[in-house]
Amino acid sequence: MDKDLFEYNRESWNELTLLHVKSNFYNLKSFKQGNTSLNHIELEEIGNVNGKSLLHLQCHFGMDTLSFARLGAEVTGIDISDKSIEVACKLSEELKIPAKFFRSNIYELDKLLTDKFDIIYTSYGAINWLNDLDKWAKIISRYLKPNGIFYMVEFHPFIYTLNDKLQIADHYFKTEQIESTVDESYTDNSVVSNKKLKHIEWHHSLSEVITSLINNGLQIEFFNEFPYQVYNCFKNMIELEDGKWVFEKYKDKIPYMFSIKAINNRN
Ligand SMILES: C[S@@+](CC[C@H](N)C(=O)[O-])C[C@H]1O[C@@H](n2cnc3c(N)ncnc32)[C@H](O)[C@@H]1O
C-alpha cells in the first residue's frame with residue numbers, strides 16, 4: 001500500500017523538478033558559476049567534509065550534494081524522483097564534479113546500495129515525505145560507519161500547525177497521512193502548467209524525530225532550533241535581516257527550523 005502512496009510523490013516531484021531547475025529560488029545559474037547552494041547553518045554545523053564519504057538522502061536535483069563535493073567530499077545522492085536524478089547526473093557531468101546519484105525510494109535503498117558512509121546528510125523539506133521515521137533512522141544507522149556522523153536541518157514541525165492566516169489550525173501530534181492536491185510549488189515560478197499534483201505527506205513531532213534516532217543507536221551531539229527560516233518558502237514571510245525570513249505576524253517569537261547532529265554508536 002505504501003508503495004502506491006510513494007508513487008504519487010514520485011510523479012509529483014518529477015513535475016516539480018522541471019519547474020525548480022528554472023526557478024530563481026534554486027538559482028542554478030549561480031550554482032553553475034561556482035557558488036554553493038548550501039546555507040550558513042549546515043556549512044557551519046556539519047564540520048569538515050573534505051576527504052569524507054557523504055550520503056545525501058532526498059538530494060532533489062543534486063545542487064547541495066555537488067556543493068559538498070566541491071568542498072572535497074566523495075558524494076552519493078539518492079532521491080525518488082527520476083527527473084531529479086537525471087538532472088543531478090547531467091550537472092555532475094557538465095560541471096565535472098564527481099558524484100554518484102541513484103533513483104530510489106529511501107525505504108528501498110538496500111536494493112542498490114551496500115557501502116557505508118562517514119557522513120549522512122538530509123535537509124529542508126525531506127522528512128515530511130516519509131511515513132515511518134523509525135524505519136528511516138534504521139536506514140541511517142545501517143549506512144553509517146561506526147562513529148559516522150548524521151546531520152539534518154529541517155523545517156520546524158510547529159510551522160506545519162499554522163494555516164494560511166497563521167493561526168494554529170492543525171494538530172502538532174497528528175500521525176495520519178495528509179493528502180493534498182497542489183498546482184503550485186514553493187518556488188517563484190510556481191504554477192505547474194495545467195496539472196494538479198497529488199501529495200502525500202506526514203507530520204513528525206520533534207520527539208518522534210529524536211526518539212527514532214536514539215532508538216537506532218545514534219547519539220545526539222547537538223539539537224538546535226532557529227527563530228528564522230533561511231528560505232522565503234512559505235506565504236506571508238518578510239526578510240527580518242539578510243537571509244533570515246519570518247512571518248510578519250510572529251517575527252522571531254516562534255521556531256522555524258531545527259538541526260541535529262548525531263554520531264553512530266553501533267558497529
Ligand atoms: C523538498 S525536496 C528536498 C530539498 C532539498 N533540501 C533540496 O535540495 O532542495 C524533497 C525531496 O525528497 C524526495 N523524496 C520524496 N519522497 C521520497 C522518498 N520516499 N524517497 C526518496 N526521496 C524522496 C523528492 O523527490 C524531493 O526531491
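Predicted model: local features only at pLDDT ≥ 70, side-chain atom pairs only at ≥ 80, totals over all residues.
**Reading a ligand shell and a sheet**

User: Okay, and which polar atoms sit by the ligand's nitrogen and oxygen atoms?

Analyst: Look for N or O pairs within 3.5 Å. Y26 puts a polar side-chain atom 2.8 Å from a ligand oxygen. For I106 it's a polar backbone atom, 2.9 Å from a ligand nitrogen. S123 has a polar side-chain atom 2.9 Å from a nitrogen of the ligand. As for cover, the ligand on its own has 600 Å² of accessible area, and the protein covers 96% of that.

User: Now the sheet. How do I read strand order?

Analyst: Strands in a sheet pair through backbone hydrogen bonds, parallel or antiparallel. Here seven strands form an open sheet with mixed pairing, ordered β3-β2-β1-β4-β5-β11-β8. At the edges are β3 (100-103) and β8 (218-226), each pairing on one side only. Ignoring direction, neighbouring strands are turned by 15° against each other on average.

User: Which pair shows the parallel sense?

Analyst: Take β1 (residues 53-57) and β2 (residues 74-79), which pair that way over five bridges. H56, for instance, has G77 in β2 as its bridge partner.

User: What packs on the sheet?

Analyst: Helix α4 (residues 63-70) does, touching β1, β2, β3 and β4 (117-123), with its direction at about 175° to that of β2. Helix α6 (residues 133-143) lies across β1, β4, β5, β8 and β11, at about 140° to β5.

Note on methods. Residues numbered from 1 in each chain as written. Heavy atoms only, no water. Polar contact = N/O pair within 3.5 Å; in protein donor to acceptor, adjacent residues only side chain to side chain. Areas by Shrake-Rupley, 256 points an atom, 1.4 Å probe, with all protein chains shown as cover. Pairing = 2+ DSSP bridges. Helix = DSSP H or I, 4+ residues; strand = E, 2+ residues; numbered from the N terminus. Axes fitted to C-alpha atoms, helices over the stretch in contact; angles between N-to-C directions. Contact = heavy atoms within 4.5 Å.
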